[in-house]
Amino acid sequence: MFSLFKLLFKLGIFCFLIGLISAAGAYYYFSPQLPNVETLRDIRFQTPLRIYSQDQKLIAEFGEKRRTPITFEEIPPQFTQALTAAEDSRFFDHHGIDIKGLFRAAFQLATTGHIQSGGSTITMQVAKNFFLTRERTFSRKFMEILLALRIEQELSKEEILELYINKIYLGHRSYGIQAAANVYYGTDIKNLSLAQHAMIAGLPKAPSAYNPITNSDRAIERRNWILRRMHSLSFINDQQLENATNEPVSAKYHTSDIELRAFYVAEMVRQQLYEQYGESLYTDGYVVYTTLQSNLQTTANDAVSNGLIAYSERHGYFGAEDNWDTTEPQETLQKRLNKIISYGVLKPALVLNVSEKGAELLLKNNQTTTLEWEGMSWAKPYKSVNRTGKTPKAATDILKIGDLIRVREKEGKLHLSQIPKVQGSLVALNPKTGAILSLVGGFNFTHNKFNRSTQAVRQPGSNFKPFIYAAALNKGYSPASLINDAPIVFHDTSLEGNWRPQNSSRKFYGPTRLRQALYKSRNLVSIRLLRAIGIPTAQDYLELAGFDRSKLPSNLSLSLGSADVTPLTLATGYAAFANGGFKVEPFFIERIEDAFGKSLFTAQPKIACNTCVDTENPQQQLAPKIYDEKVTFLIYNMLQDVIRRGTGRKALVLDRRDIAGKTGTTNDQKDAWFSGFNQEYIATAWVGFDQPKTLGRREFGGTAALPIWIDFMREALKGTPENPPTPPEGIVSVKIDPKSGKRAYPGQSDAIYEFFRKENVPANYAAPSSIQRTNSTEELF
């Protein structure tokens, strides 16, 4: 017996020595192949691009991996306990390897030929996740052990745990515990309950098998096992164990917590930065702060959406999008309905029943409701943009069972609606800096991603006239200068033969002051004015204002807005009227930071300032001056009359003395515009079809685009003091005769005040008996 024990002892010593020699040999063999663990100190996690508004509202997130790295100090202690209970209960005691776990793995290898449980510590998993493949071989396992020992020598336990919790994949594109908390519970990891901590701690082992959304039963088993482990390790008491074990599963999928709808701007940011950073844009954790103000962007979203829906409903009801067989089980119908995309305020609904004055609807998420008659009585059948069918008398004239329709909330009640076929845009700038404060590129980005604010090249119509007038004022004309509003015919090969332009009223009004011609949008006056100053002169000024000369026609149609412009370009041009004559450059990125909060870029816009002087301070770079301050005051003042008494009178509802603007409508009502401003904001609204066609004979800039601008400005200007422009030095106010534009004679009862540059004050007085005759003859040029 003693000899047998002695034999076994010697055999054991021999095996130990053989194992030691083998381990030493393996160490010297594998050691040179080991990577440098010091690189873990500089690890950069793949983190998505995040885009925010100026006031830090999340607009968008780009990147396949959802990850928000956090520090060890930000990890809740209770989560650390749950994780170590689940993955490595002796983590804070061992030196990188767990001997008991390794013996268990070795036994499995010896008995089955495969490594099953692995015996991995958290440190070993860090080694595997950052440096090694996922193959299950002895050599890979030995390298994992050696790396774990080295990691423990170089890094603290806190650093190791921080690497682990930020790296691990936890299902549904979430990497790291912070992203997992956001995905499953819609909040940060620090806000979770004990049961929720245990649920997330159970995911590293098998994110799919223990997923609380897709496999809740197994997830509960895993969670409760971890809770019992925490209890056995004295991390929690009996009451905590009972409460957490009984807590129902509350996990559900949460998308990125988008706080502000500005997807057109988000795409502008992505495109611009991709040219600079390439694919790393989606993984290196860049944070971009845009110039958008969240309240103004939300207002712009609503203004465009409401304006386009209102236009669509004015022209009649297109009918249902589809018709479904409602004899199918309601569960089946509900699943189909839940897959239908909502576009902004327009939600899909299925008609289940129709009565004489109402309809029963099925909405998403198994909701049923009633659409009352007052919410659908508007729905005359659409025939064309100029014609609708008969007024409906009953709900059955509009809807039938199985119709897939759109509804929205209007004044607290459900309202039948439809996806507009018309499109629109609105862009608003700070005229002093060019910062884009809000931008909407269409009805809905999900529905159509084409950005009409920056990509739609359209003719601005009369919205372009103020630039022609500004060029004329700069050449010595005044608001009181007379131009004959009379018929005219041009023979111009570039205009394909004889051109007989007309006013929208089809009438002619004779000699007309420039101020009156602008606010009444008289076409013949604009044409004669352009002819008088010369097309090249006008093009020079337009180019200075930021318009592409190659898109400016070299004929007199330029005066009527036949140039090709985008809404953003037009708004930028108008900014010069609001800021005293400076050309600002529009921009939408305020600053860029890397994943660690280091500033990579800060915008340094050139500012508009008449009282500033050149300085080396980069924050005080001055924008170039393109118009004389006196000229811009006169244009501003003349455009105020567009609202006071011209085509923009609807804006009087804003009850402001400091707003100015101009409507614009192109031939056959294909484009409707309104650009308006005060000294704080310039905004341009456009409405039209992507494939140009008439909006309808009753649709103009003042009916289709102006209401969008009003809705935006109503909110933008709320609470801001009025700040009308003050006449700069060199501007005088003189009484004139409204018919001749000359100085009023003494005692003239119908005299009006007009602003002039001092050098342009009329020298002559009107005669009391003067009669202005209308020129009704045609001129041929």
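## Salt bridges and a buried serine

Arg 549 is partly exposed, at 28% relative accessible area (partly exposed lies between buried, under 20%, and exposed, over 50%, with a 1.4 Å probe and protein chains only). Its side chain meets that of Glu 543 in a salt bridge, 2.9 Å from N to O (a side-chain nitrogen of Lys or Arg within 4 Å of a carboxyl oxygen of Asp or Glu). Please keep in mind that this is a predicted model, where local features need pLDDT of at least 70, side-chain atom pairs count only at pLDDT 80 or more, and totals for chains, interfaces and linings use all residues. Residues are numbered from 1 along each chain as its sequence is written, and side-chain values use heavy atoms, leaving out hydrogens and water.

**Salt bridges**
- The whole structure holds 32 salt bridges.
- Glu 543, the partner of Arg 549, is partly exposed at 40%.
- Lys 630 pairs with Asp 628, with 3.4 Å between the closest N and O atoms; Lys 630 is buried at 18%, while Asp 628 is partly exposed at 29%.

- Arg 645 and Asp 641 sit 4 residues apart, about one turn, in helix 19 (residues 629-645); helices are DSSP runs of H or I, at least four residues, numbered from the N terminus.
- Their side chains form a salt bridge of 2.6 Å, N to O.
- Asp 641 is buried at 3%, whereas Arg 645 is partly exposed at 40%.
- A salt-bridge network links Arg 515, Asp 641, Arg 644, Arg 645 and Glu 754.

**Ser 294**
- Ser 294 belongs to helix 12 (residues 294-314) and is buried at 12% relative accessibility.
- Beyond neighbours within four places in sequence, Ser 294 contacts Ser 53, Asp 55, Lys 57 and Leu 260 (heavy atoms within 4.5 Å).

Notes: Helix = DSSP H or I, 4+ residues; strand = E, 2+ residues; numbered from the N terminus.
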